[in-house]
Amino acid sequence: MKIAMINTVCNGSTGKIMGALQKSAIDTGDEALSFYGRRRGYKDMPSKKCGNNVSFWIHVIINTLFDRQGSGSYFPTIKLIKKLKNFEPDIIHLHNIHGYYLNFKLLFRFLSKEYNGQVVWTFHDCWPITGHCPYFTIVKCYRWKEKCEKCPQKNMYPISYVLDSSSRNYKEKKELFNSIKNLTIVCPSEWMKKNVEASFMRSFPCKVIGNGIDLNVFSPKKKLESLNGVSLSEKKIILCVAAIWEPRKGLDIICEIAKELSEQYKIIIVGLSDGQIKKIPDNILGITRTENMHQLAQLYSTADIFLNPSREESFSLVTIEAMACGTPVIAIDTSAVGELINDKNGKMIKEYTKQAFLSAIYDMADRKFVAEEVRKTVKQYSDDNMSKSYLELYYGIDNDRIEYD
């Protein structure tokens, strides 16, 4: 079987997921190739870039002025389609198709009119079913269930400072995405699946496959005694991790919590920009993003509590990474994270307030969590289990020989 995978990047959470699936397919004896739009490809697997810096910035300008994410990158998408035709995949597996690297109108016209294989599309966020935004919980906007217009997050990613084209985008997506005959949607959580079932894509088969991590890397490690010259041995450590601390991730409320937190605690935030580090309270230790997963596992293991204040997640890899290292988690029950947490591995809060988070932190201090017991609650979310489920999906789909018009 030949499998082509398409995603914005080969790194980060979605890139790691795509890489795990590609490796598993290759190990099984299939031929798998990843296409990506930005940054670098995989070092140990075949991958081809389908974007460049010039097309990226032109796409950014188009979106910033006209709110037309997915309408730039014309020539890179033409080249991508040509490469897909040459590769002749039995399955095209889409991941994130937004991110200033792909013209989705060109791609979906090809998929609906020329490609006769199967399409699998993993929804890592809600962008496919809205007219603009990938996340809507923070503003409690559910217009996408019927139509999008007057987007309250026009100035949020994908940022448009001039026009609001959410209504036009919504209509185009609805028409083009529903034009694919052989499409199966995969969601990483029941929460995400419920959103799909309430959207204009409700008619497609939709399967839940949880995301996976490398449980050999993310396992209990020896605790750090200090970090960047700061002693950690006499403090209860609260760890917060994100690839990018955008507004929905909750950096604002972490800073509020830090101002009133008992001196026996120390907050460490991973993934901050240099500018954000300069603005955080003095009692927070901020460090920039790391791609070193072993270092990250040691930080998870050092923490007494992992705090995830994100307002919306379609799954949350950082949550299961922390639990796999034996660290209990506090999170807000507004999206998919609620499916991961129970009494054995953490605490969910219902109200997004500083006091609710503080109460949960102090409550956790009075409870005794056993690292191995916490880890057991997420052992099903392994790379191997995720890959096995996807391979079963691939082979369960009826694949006819591909013919191009």
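This report walks through pockets, cavities, side-chain pairs and a few backbone details of one protein model.

The model is predicted, so local features need pLDDT of at least 70 and side-chain atom pairs count only at pLDDT 80 or more, while totals for chains, interfaces and linings use all residues. Residues are numbered from 1 along each chain as its sequence is written, and side-chain values use heavy atoms, with hydrogens and water left out.

**Empty space**

Rolling a probe the size of a water molecule over the atoms shows where empty space is left. On a 1 Å grid over the protein atoms alone, a cavity is a set of points where a 1.4 Å probe fits but cannot get out, and a pocket is an open set with protein on both sides within 12 Å along at least five of seven lines; lining residues have an atom within 4 Å of a point. Grid points are joined across faces, edges and corners, and a volume is the space filled by probe spheres set on the points.

Let's begin with the second largest pocket, whose volume is about 1200 Å³. Its lining has 39 residues, and those nearest the centre are Lys16, Gly19, Ala20, Tyr42 and Asp383. Two or more lining residues come from each of helix H1 (12-28), helix H9 (293-302), helix H10 (317-324) and helix H13 (383-396); helices (H or I, at least four residues) and strands (E, at least two) are DSSP runs, numbered from the N terminus. H1 gives the most, with eleven residues.

The whole structure also holds three cavities of 30 Å³ or more. Around the largest cavity there are 13 lining residues, and Cys133, Cys141, Cys148, Cys151 and Pro152 are the closest to its centre. The second largest cavity is lined by Leu111, Tyr115, Asn116, Gly117, Val119, Ile180, Lys181 and Asn182.

The table gives the lining classes (Ala, Val, Leu, Ile, Met, Phe, Trp, Tyr, Cys and Pro count as nonpolar, Asp, Glu, Lys and Arg as charged, and the others, Gly among them, as polar).

| Space | Volume | Lining residues by class |
|---|---|---|
| Second largest pocket | about 1200 Å³ | 13 nonpolar, 13 polar, 13 charged |
| Largest cavity | about 90 Å³ | eight nonpolar, three polar, two charged |
| Second largest cavity | about 50 Å³ | four nonpolar, three polar, one charged |

**Pairs of side chains**

Now for the rings. Those of Phe, Tyr and Trp (its six-membered ring) pair if their centres lie within 6.5 Å; planes under 30 degrees apart count as stacked, over 60 as edge-to-face and the rest as tilted. The count comes to 21 aromatic pairs. One of them is the edge-to-face pair of Tyr170 and Phe200, with 5.2 Å centre to centre and 85 degrees between the planes. Tyr170 lies in helix H5 and Phe200 in the loop between helix H6 (190-197) and strand S7 (206-208), so this pair ties together parts 30 residues apart in sequence.

Side chains of opposite charge can pair when their charged atoms come close. There are 17 salt bridges, each a side-chain nitrogen of Lys or Arg within 4 Å of a carboxyl oxygen of Asp or Glu. Glu197 and Lys193 form one, with the closest N and O atoms 3.9 Å apart. Because Glu197 and Lys193 are four residues apart in helix H6, about one helical turn separates them.

**Backbone details**

A cis peptide bond, with omega about -5 degrees, joins Tyr157 and Pro158. Pro158 lies in the loop between S5 and H5. Elsewhere, Ser73 has a positive phi of about 50 degrees although it is not a glycine. Ser73 sits in the loop between helix H2 (53-66) and helix H3 (74-87).
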